[in-house]
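These are my notes on a structure that I had not examined before.

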Amino acid sequence: MTDRQTEKRDLLGMLPEELQTELAKYGEPSFRAKQIFSQLHRGVRPDEMTNIGAAAKEALASFSRYYLPQPEQKLVSAIDGTVKYLFRLHDGNCVESVVMKYEHGLTICISSQVGCRMGCKFCASTIGGRVRDLDTGELVGQIVAAQKDLGVRIAGIVMMGIGEPLDNYDNVVRFLRLVNHPDGLNIGYRHISLSTCGLVDRIYDLMKLDLPITLSISLHAADDETRSSIMPVNKRYPIDTLLDACASYFAHTGRRISFEYTLIAGKNDSPKAAVALADLLNRKLRPERRGPEGGAVPIHVNLIPVNEVSETGFTHSEKAAVRRFAEILEQHGIRATVRRRLGSDINASCGQLRRQALGASGQGGDAL
Ligand code: SAH
């Protein structure tokens, strides 16, 4: 029987106060938990901790297990230094993480599940369905392992890798609290973005927690017919309901909302679609808009020419169509940027490396 199947806790997923409660049962002093926690999150293995005695290490081993995702593949972009990892987990499953240089420092894009059950038609991560959720230690472990391997400090997180973070809600919320902890990775909530395909009930749950993270909504279409045809989740939570949740999220947290819009040739990239998107966002989120910068909810649209995945058959929009789309949004007072394609030489968009590692067969995960 592996540690996973016993009751042992995942050490990297434990908060200092939880560690302290457990260690106290073995007579360890209260400062021990902080010592262990801060070293763990700097990538030090329990057996390498020189300031912790044998008794404390034995105590740790009796109630927890330690595992760090192992870099199975590492690709470094010759163009912009972006690093992409394929991490192997304790049970042989793999996920991807990408470390990128942003203006304010290094940012890591992490995965939240092995596979995904949301079924978006353009996305490589969902092709074999969802195999399982990542536990909290595995979410944190991607950051700890990347920092350790690169010898750097990571300052920001985007949850835009494989999986739907709000479909793994409890572990993700725990993860947010862990990485923000001052004795651990100490990553500010304002440097964390969570991207969702739109699980509306969970957006309201997240809102109530009052964490000042940035919410990023994968919108990809301005009308229900088009959105449902590429994102099955839209049948459950249509656009109107989703944007109502966004308005509430903003009213409650004051945080700006980002929208992801993947441009697919002939599907959602026409000038008419751009006008529809601008009208929709202005009508639903900025009814009192006065001028280009006015209005209630600060909105930002990220335009992403679709990464072509061989199984999906979608083609990315022409450069001119992308530019035109962005211009129309700007003309309607919506700030828009075309996503920089970091790591384009290493296939840095998520899901593709794992697909290659799996082979064409895929894996029998569950679907929405
Ligand atoms: N499940 C979450 C986060 C993971 S995907 C979500 O849906 O937001 C991160 C972003 O990449 C999402 O906006 C997703 O729609 C987009 N994406 C997925 N596959 C893509 C592709 N082939 N080309 C461009 N963007 C893609």
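**Entry 1: overall build.** I began with the secondary structure and found 12 helices and 14 strands in the protein chain. I then looked up the radius of gyration, which is 21 Å; the globule rule also gives 21 Å for 368 residues, so the chain is as compact as a globular protein of that length. I noted that the model is a predicted one. Along the principal axes, the C-alpha atoms occupy a box of roughly 70 × 45 × 40 Å.

**Entry 2: domains.** I next asked which domains the assignment gives for the chain. Domain 1 covers 3–65, and domain 2 covers 70–358. I recorded 33 Å between the C-alpha centres of the two domains. To their contact, domain 1 contributes 19 residues and domain 2 contributes 16 residues.

**Entry 3: the area between the domains.** I looked up how much area is buried between domain 1 and domain 2. The value is about 1,400 Å², and carbon and sulfur atoms give 58% of this area.

Entry 4: I counted 2 salt bridges between domain 1 and domain 2. I also looked up one salt bridge between aspartate 183 and lysine 34, in which the closest N and O atoms are 3.9 Å apart. I wrote this pair down with its distance because the cut-off for a salt bridge is 4 Å, and the 3.9 Å of this pair falls within that limit. For polar contacts between domain 1 and domain 2, the count is 3 residue pairs, with both residues at pLDDT 80 or more.

**Entry 5: the side of domain 1 that touches domain 2.** I asked which elements each supply at least two residues of this side. They are strand 1 (9–10), helix 1 (16–24) and helix 2 (31–41). Helix 2 gives the largest share, with 5 residues. By residue type, I sorted this side of domain 1 into 6 nonpolar, 4 polar and 9 charged residues.

Conventions: Residues numbered from 1 in each chain as written. Predicted model: local features only at pLDDT ≥ 70, side-chain atom pairs only at ≥ 80, totals over all residues. Heavy atoms only, no water. Domains from an automatic or database assignment. Contact = heavy atoms within 4.5 Å. Buried area = accessible area lost by both parts, 1.4 Å probe. Salt bridge = Lys/Arg side-chain N within 4 Å of Asp/Glu carboxyl O. Polar contact = N/O pair within 3.5 Å; in protein donor to acceptor, adjacent residues only side chain to side chain. Helix = DSSP H or I, 4+ residues; strand = E, 2+ residues; numbered from the N terminus. Nonpolar A, V, L, I, M, F, W, Y, C, P; charged D, E, K, R; others polar. Rg over C-alpha atoms; globule rule 2.2 N^0.38 Å.
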